Amino acid sequence: MQTDTQKHNETITPNSKEIEILKKHFPQCFNKSESFDIEKFRELIAQNDIEIKKEGFTLNFLGKSYARYQANLDSETVIVPDAENDNADNKDSENVYIVGDNLDALQHLRHSYAEQIKCIYIDPPYNTGKDDFVYNDKFGFTAKELVEKLDITEEEAERIVGMGGKCTHSAWLTFMYPRLALARELLRDDGVIFISIDDNEQANLKRLCDEVFGEGNFVCDIIVRANSRGQTYTEIAKTHEYLFVIAKSDETELLELEKDAESSDLNLNDNIGAFNIRELRNRNPKFGRHNRPFLFYPIYVNPKIIDKDGFSPVSLIKHSDYSVEVLPYNSEGKESCWRWGKQKTESNLGDDTLSCNLVAKLKTTGSYGIYEKYRKTTYKPKSIWDDNSFLTETGTVEMRQLGFSSEFDFPKPVRLIKQCLSLATGDNDIILDFFSGSGTTAHAVMDLNASDNGKRKFIMVQLDESVRKDSEAEKAGYKTIDEIGRERIRRAAAKLKAEHPDTKADLGFKTYYLRSMPQNTIDKIKIFDPTLMYGDGDIIASLGENALLQTWQIKDCFGFYANVQKIDLLGYTAYLLDSEKIGKYLYLLDGMEDKSIKELIRKIESIELTVDKIFVYGYSFDFNALNTLKTNLKTLKNRNPIEPIVRY
């Protein structure tokens, strides 16, 4: 007998998601036989502002159909909480560290965190042709099965199966596609993803992101100086990497960065505060009186008043004091326009130069210029980041300051990730990194929270990949990469606590492992006999109740932070999850005796316990117990019957 997830995955095709969206929003385009009427669809969207193209540029690579298929699957792993890590420092933490394949993790996360993540940062394998990337996603299919599932030729299916262990461009794209597709599902509509990459796959990644996120949502390709000396073994000593910035939609707005005291250009002061000036005239030659007529109007200067900085007050009304008319002409005497309309200009005027935001100043040409008092303490970052704090060498120094040696070759520095977070997140946002590696993103989140009293939460994902044999990491006693990453977070937390002793920032994290069911458990499922399973306990013993509950908690959209209530039913423990958005769900994971079933019914009928849905783990119940439970829930007094949902 198959599990529910296995049954679901058998129905999946590469375009399952797209079909689901079309059925939801365009049901009129489907007939009874599930055929899609493309002409009706074309008629519905045929508007002047939508151009329907018959030809276009597209990205094709070996494995694309399989990659799309993977993005639609559900993970068959279970989520196992690490009880040992749930100590006093972590028991109330809302930060999450997941150990396992990030594709499985993303497939789990989309149930609870779809459109919930504000910012994603990833530093995926660069595919240099060395040992940094080898395609090793698990293939559970033969070439013949792929032909049937993906509607491809047998030759293509054989080539896809043969990609295992390869580091070709197609293999890298097949690896990245489903992960980026799932990442997009997780992002909020105003979310943003940052991706570090180098020359080896930069061009392919750009095309892949255009396909997944839409070309119009590509914000910028930032050049980051990552190596001070450069790669001296190449013809040109490359010193840079790339940082892609991609928005989820046009709702995404990046924040500006705070200027530090040394770099602030607000070198003037008045009664309001510090300021600098910038010309009110719009200097963009595209705009002028010809296309912005409402921004072409006179402003009048009072030349009798000149303050210590040479500024004079202005007005929109001409009279004896405000006698000098200024119009927005450019240096060639051509008609330009102001940046502000009359209403905004009026709201920024004052009777003197010390209590307003708009002034005039005599230029060397003898004419007056109109200036805005610019008071912003923030700035837009440029597309080249060349500060030394962005060097991977800085990341190495930071690791050494935490007591590590050379466990990672090129760890990203904290400042790089903090700058991304400062651009993209607010105080309570969730940040995801599903190539967590050295744990820099988690360190950056905690550091930023400690600095600005934020409550950002992180979700880190890292494969339990073995460290290299005879490496510094192995000599230090580490077996897997995730062990180093989690230890780095602990040490960074201790350092931040020492630096900010009064901080209320969440400096802990809870650990979860993604585990496949043991083979003997799978064998039992295949020969499942409901009349023999009650009391056997082998299924629960192999998974653990906590693992099963945690997996369902995520599947049912409660997330990692839900409060689980234990309900006592005469010695039997049921679990209640309660959410205003979702409802009250009761979980029955172990087999029940008659007395516990009767106690459950009594609590529900007396309104001592209110539930909206009841979920039952079918492998734990024999036929009689399950039938008794269903019968009693159908004949409830004082409330509507409940049909328990049985899961396998």
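Predicted model: local features only at pLDDT ≥ 70, side-chain atom pairs only at ≥ 80, totals over all residues.
**View A. Glu-608 and Lys-603 meet in a salt bridge.** The N to O distance here is 2.9 Å; a salt bridge means a side-chain nitrogen of Lys or Arg within 4 Å of a carboxyl oxygen of Asp or Glu. (Buried is under 20% relative accessible area, exposed is over 50%, and partly exposed is in between, using a 1.4 Å probe and protein chains only.)

**View B. Asp-189 pairs with Lys-248.** Their closest N and O atoms are 3.8 Å apart in this salt bridge. Asp-189 sits in strand β4 (residues 187-197) and Lys-248 in the loop between β6 (240-247) and β7 (257-258), so the pair ties together parts that are 59 residues apart in sequence. (Helices, H or I with at least four residues, and strands, E with at least two, are DSSP runs numbered from the N terminus.) Asp-189 is partly exposed, at 34% relative accessible area, while Lys-248 is buried, at 5%.

**View C. Asp-387 and Arg-415 form another salt bridge.** Here N to O is 3.9 Å. Asp-387 belongs to the loop between β17 (384-385) and α11 (392-401), and Arg-415 to helix α12 (residues 414-424), so the link spans distant parts of the chain, 28 residues apart. Both ends are partly exposed: Asp-387 has a relative accessible area of 37%, and Arg-415 comes in at 34%.

**View D. A salt-bridge network links Lys-17, Asp-74, Arg-110 and Glu-185.** Searching the whole structure turns up 40 salt bridges.

**View E. Strand β14 pairs with β11 and with β15.** Two strands pair if DSSP finds at least two bridges between them. Strand β11 (residues 311-312) and β14 (residues 358-362) run antiparallel, joined by 2 bridges, with Ser-312 opposite Ala-360. Between β14 and β15 (residues 368-374), also antiparallel, there are 5 bridges; Leu-362 has Tyr-368 as its bridge partner. These two strands make a hairpin with 5 residues between them, and Gly-366 in the turn has a positive phi of about 95°.

Key
Residues numbered from 1 in each chain as written. Heavy atoms only, no water.
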